[in-house]
Amino acid sequence: MGLEILAALGGVAFALASLVVGARLLALSRRTGELPEFAVGLAFFLMGGIGYPLQAAARGAEPLGTMARITLAAVAMGCMVFGTVGIGLFNWRVFRPERAAVRHAVLALAAAGIVCFLWQAADPGFLAAASGRGAGVAGLEALAAVSLAWAALESTTYARHLRRRQS
């Protein structure tokens, strides 16, 4: 019981932090008009602030009924698609804006996210997604992991470059 409460508190803290950071970055993007702030702000807001809690609710909300669980899971997956693409856009515009190949990779990431969403809808459906099952869910989780790992790699590489330049 104690670990479940700790996990729930951690999940709530993550979602709240994602909402706050996402909202602040979206507000900044409104002032600056810049795409990177908008893209990463949207990713935080949708993936961590909305999608994560909705997916958790879909998994644990059997009393809500089938239609509610399907809706929660579908919206959560949609948030994950948009958030994953937002991370990709951020990576491209901040770290490699001059590279057409990276722009094409972001377009491919968006297309793959849409395919995963549609694949899940077709088979086995969003009720399975509410339980974390299905190739579409697995594919979308892999795409999100790739985009986040890409951001980590680019950030680390850029920080290393700045440290060398400072020396």
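**Note on the predicted model**

1. The expected span of a helix is 1.5 Å times one less than its number of residues. Helices here are DSSP runs of H or I with at least four residues, strands are runs of E with at least two, and both are numbered from the N terminus.

2. Residues are numbered from 1 along each chain as its sequence is written, and side-chain values use heavy atoms, with hydrogens and water left out.

3. The chain as a whole comes next. The chain contains six helices and zero strands, and its pattern along the sequence reads α-α-α-α-α-α. The C-alpha trace spans about 60 × 35 × 30 Å along its principal axes. Of the 167 residues in the chain, 36% are buried (under 20% relative accessible area; exposed means over 50% and partly exposed lies in between, with a 1.4 Å probe and protein chains only).

4. Among the contacts in the chain with a separation of 6 or more, 66% join residues 24 or more positions apart.

5. The surface and the charges may be read together. The chain has an accessible surface of about 9,700 Å², and carbon and sulfur atoms provide 69% of that surface. Accessible areas come from the Shrake-Rupley method with a 1.4 Å probe; for residues, only the protein chains shown count as cover. There are 14 positive and 8 negative side chains, and the centres of these two sets are 10 Å apart. Lys and Arg count as positive and Asp and Glu as negative, whereas His and the chain ends are not counted; each charge is placed at NZ of Lys, CZ of Arg, CG of Asp or CD of Glu.

6. What covers the buried residues of H4? The cover includes H3, H5 and H6. The buried residues of H4 themselves are Val-102, Val-106, Leu-109, Ala-110, Gly-113, Cys-116 and Gln-120.

7. Helix H6 covers residues 135-166, which makes 32 residues, and its first and last C-alpha atoms are 46 Å apart, close to the expected 46 Å. The buried residues of H6 include Gly-136, Leu-143, Trp-150 and Glu-154. The buried residues of H6 pack against H2, H3 (66-95), H4 (100-122) and H5 (126-130).

8. Is Ser-18 buried or exposed? Ser-18, in helix H1 (residues 2-32), counts as buried because its relative accessibility is 5%. Leaving out residues up to four places away in sequence, Ser-18 touches Phe-44, Phe-45, Gly-48 and Gly-49.

9. Gln-55 lies in helix H2 (residues 35-60) and counts as buried because its relative accessibility is 16%. The side chain of Gln-55 reaches the backbone oxygen of Ala-129 at 2.8 Å. This is a polar contact, a pair of N or O atoms within 3.5 Å; within protein, one must be able to donate a hydrogen and the other to accept it, and residues adjacent in sequence count only if both atoms are side-chain atoms. Residues up to four places away aside, Gln-55 touches Ala-73, Ala-76, Ala-129, Ala-130 and Gly-132.

10. Phe-126 belongs to helix H5 and is buried because its relative accessible area is 13%. With neighbours within four places left aside, its contacts are Ile-70, Ala-73, Ala-74, Met-77, Phe-117, Gln-120 and Ala-121. Phe-126 and Thr-66 are 60 residues apart along the chain, and their C-alpha atoms are separated by 9.8 Å.

11. Two loops deserve attention. In the loop between H4 and H5 stands Pro-124, and the peptide bond from Asp-123 to Pro-124 is cis, with omega near 15°. In the loop between H5 and H6 stands Arg-133, which touches Gln-120, Pro-124 and Ala-128, not counting residues up to four places away in sequence.

12. Ser-167 is in the segment after H6 and counts as exposed because its relative accessibility is 82%. A polar atom of the Ser-167 side chain lies 3.1 Å from the backbone oxygen of Arg-163. From C-alpha to C-alpha, Ser-167 and Ser-18 are 35 Å apart in space and 149 residues apart in sequence.

Terms used
Predicted model: local features only at pLDDT ≥ 70, side-chain atom pairs only at ≥ 80, totals over all residues. Contact = heavy atoms within 4.5 Å.
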